[in-house]
Amino acid sequence: MSVRKLVPWMVATVLLVMAGTANAEPYLAAQMGLKCAMCHVNPTGGGMRTVFGNTFAQTQLAEKRIGGDDDLWTGQVMKFLSVGGNARANYNWEDVPHQEGTNDFDVEEARAYLDFGVIPNRLSIYLDQRFAPGNATNMEANVRYWIKENTFYVKAGRMYLPFGYRFEDDNAFVRQLSGINMQAPDEGVEVGLESGSWTAQLAISNGAGGGNEVDPGKQVTTRVEFVQSKWRAGASVLYNDTDLGSRTGFGGFGALTLGPVVLLGEVDWFDDESIGDGKLMATLAEADWKLKQGHNLKLTYEWFEPNDDIDEDEQTRASLLYEWSPIQFIQLRAGVRVYDGIPQNDNQNRKQAFLQLHGFF
Amino acid sequence: MPVGSNNVLAAKGFLLASLVLALAACTAGNGEGLDQNGQPIPITPPTASQFQEIQDTVFTPICTQCHIGANAPQGLRLDAANSYALLVNVNSNEVPGLKRVNPGNADQSYIVQKISGTAAVGGRMPLGQAALPQDRIDLIRSWIAAGAQPAATAPNNLTVTSVIPAAGEVAPAGLSKLTVVFARDVDATLTSSTFEVRDGFDQPVPVANAQVPQGRPNVVELKLARALPAGSYQLEIHGQGAVALADDAGHVLDGDADGVAGGDFLMSFDVSAGASR
């Protein structure tokens, strides 16, 4: 069956199943009651969208859709080749105490994805190349083979590792603490299971933060999540064996859907022998309110304990964002963030605001 | 479910969400008794210097959000214990032709290019955050232009600061170089006859050369004649006997770190049987 013939079926399915918007954020998966793998070729989320994800983005993501039914973009430009991309252009404002406020335009990221599905639904070669900021940098390059279609896969190469929720905000405390985010791929092997309500991954990688391997020890990360239509819960474990000392992390995460509101949370705890005796902890709580189709109000509150042996050194970060998708493949985002930390550190008490134009496909 | 009919539910839900957030909200610390890096204030404050100011206002509070521990990008750890040794006169990984810090030449120092957004590779540092304030960039440039001096004054006696691989460490197979960092600059004319490496059977391992790298006078790199097979090894640096290692002012090595010049430095390490990378 050709993709063209599949389009009406896909649109109908999307309309029947979904009642929310979609891009690469976990609250949307929770809102829809689906796994990340439904809309992304990467079963842990983020990056290139599937045919289903692209179809959904056009029929439900935006407040309205421009174009006819025949213009539906699926990402498949050839039988065995799919393409995708993300670009985020920002206007930023920042106020750091005792410093003059700054503001600037910048390109937060511009990426392109290629997925060569040389054996459909079985074997793919996947590339994620970041073209900005700076020079082109490869972020992911891996081979993914579904040993049993849509059930069990093995992936090898450069990849983002599985741990917790893959939030869009790489600067979230939970993503900074784990060191696993969309700026820090690693090289290794991952196996994954998608079965019923369960999704699970296990990866073994260099554990060098994307740099050259410097010791014989390896990093193991694993993530397990149980997904229901209105709630989900999961756990993550990380262990990195390094010459400087081991690094061990545990995470718990989950989401609850209450009508148009989705509540998400993640708690991460780390024991990093390479930086001292104290334990580290970070939490994130998020609420997303779908005001109407194409409009989302997001509130997040984060807390970071950099060393539990030291009192009164904790930091917080609160964010309020509005996300509007007026037409397909465009998102306008506006937000403010307030950091709160020890008063003697100006950087821990800065305020930020931004406007962002996000284009994707 | 139609969106329009959900407004009341939505409002209740969002209120509930806000309540949950408020209840879950752990607050920020008040910083009492801490320095600006969140560390307890020591009884005797460290000696202030330009590099110390950079460490305290840039590297520790900003850069170590990523550049710390085993996962530090490019292996560059910028915590106070490691930053100087991994920056000054060390070639960058991204552009090996440039040193991370080239003392006396800020424009040819890769760190300046990275924080200024002019580097040929990768994004501007700090990645994903606002650029450093201009006065911090100027401070780093000024420090490099003035010779990139370390924060602390060197002690009076010559001691070993660190060895790579470290004592007790299991090094990867194929190890063929040891790096020793000293607290003071070393007399390069004495290194060829004061370093010994022995295997687990107490047999000497041939050392091809023991050199002080250019621009790093407190470092000695031992290049072994062959890659070490798996096993246990011992490094010995002579601080006594016919020829003892000394610094460039003639202070003999305090190898046993008892505060008195003299005494051999001994440390053991292992080499694994795994494949080298």
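**A tour of chains A and B**

Start by selecting Q183(A), which sits in the loop between α4 (173-178) and β7 (186-195) of chain A. The model is predicted, so local features need pLDDT of at least 70 and side-chain atom pairs count only at pLDDT 80 or more, while totals for chains, interfaces and linings use all residues. Residues are numbered from 1 along each chain as its sequence is written, and chains are lettered from A and ligands numbered from 1 in the order in which they are written. Helices (H or I, at least four residues) and strands (E, at least two) are DSSP runs, numbered from the N terminus.

Is Q183(A) buried or exposed? Q183(A) counts as buried because it has 21 C-beta neighbours inside 10 Å. The cut-offs are 20 or more other C-beta atoms within 10 Å of a residue's own for buried, 12 or fewer for exposed, and partly exposed in between, with C-beta atoms placed from the backbone. Now show what Q183(A) touches: apart from neighbours within four places in sequence, Q183(A) is in contact with D170(A), L127(B) and G128(B). Contact requires C-beta atoms, placed from the backbone, to lie within 7 Å.

**Along β7(A)**

Next select β7(A) and show its side chains, which alternate. On one face are D186(A), G188(A), E190(A), G192(A) and E194(A), which are buried.

Strand β6 (residues 152-159) of chain A pairs with β7(A) in the antiparallel sense over 8 bridges; two strands pair if DSSP finds at least two bridges between them. Here R158(A) stands opposite E187(A). Strand β8 (residues 198-205) of chain A also pairs with β7(A) over 8 bridges, in the antiparallel sense, with A200(A) opposite L193(A). β7(A) and β8(A) make a hairpin with 2 residues between them, and G196(A) in the turn has a positive phi of about 60°.

**Two hairpins around β4(A)**

Move to strand β4 (residues 123-132) of chain A, which is joined by 8 bridges to the antiparallel strand β3 (residues 102-119) of chain A. L114(A) has L127(A) in β4(A) as its bridge partner. Between the two strands of this hairpin lie 3 residues, and N121(A) takes a positive phi near 65°.

On to strand β5 (residues 137-148) of chain A, which runs antiparallel to β4(A) and is joined to it by 8 bridges. I125(A) stands opposite V143(A) in β5(A). The hairpin of β4(A) and β5(A) has 4 residues between the strands, and G134(A) in the turn has a positive phi of about 75°.

**Helix α3(A) and the whole of chain A**

Select helix α3 (residues 51-61) of chain A: 10 of its 11 residues are buried, so the helix is largely enclosed by the rest of the structure. Among the buried residues are F52(A), F56(A) and L61(A).

Zoom out to chain A, which has 4 helices and 17 strands. Of its 361 residues, 46% are buried.

**The sheet in chain B**

Finish in chain B, where 4 strands form an open antiparallel sheet in the order β1-β3-β6-β5. β1 (160-164) and β5 (207-211) of chain B are at the edges with a single partner strand each, so one side of each has no neighbour in the sheet. β5(B) is joined by 4 bridges to the antiparallel strand β6 (residues 219-224) of chain B, where K223(B) is the bridge partner of N209(B).

Note on methods: Contact = placed C-beta atoms within 7 Å.
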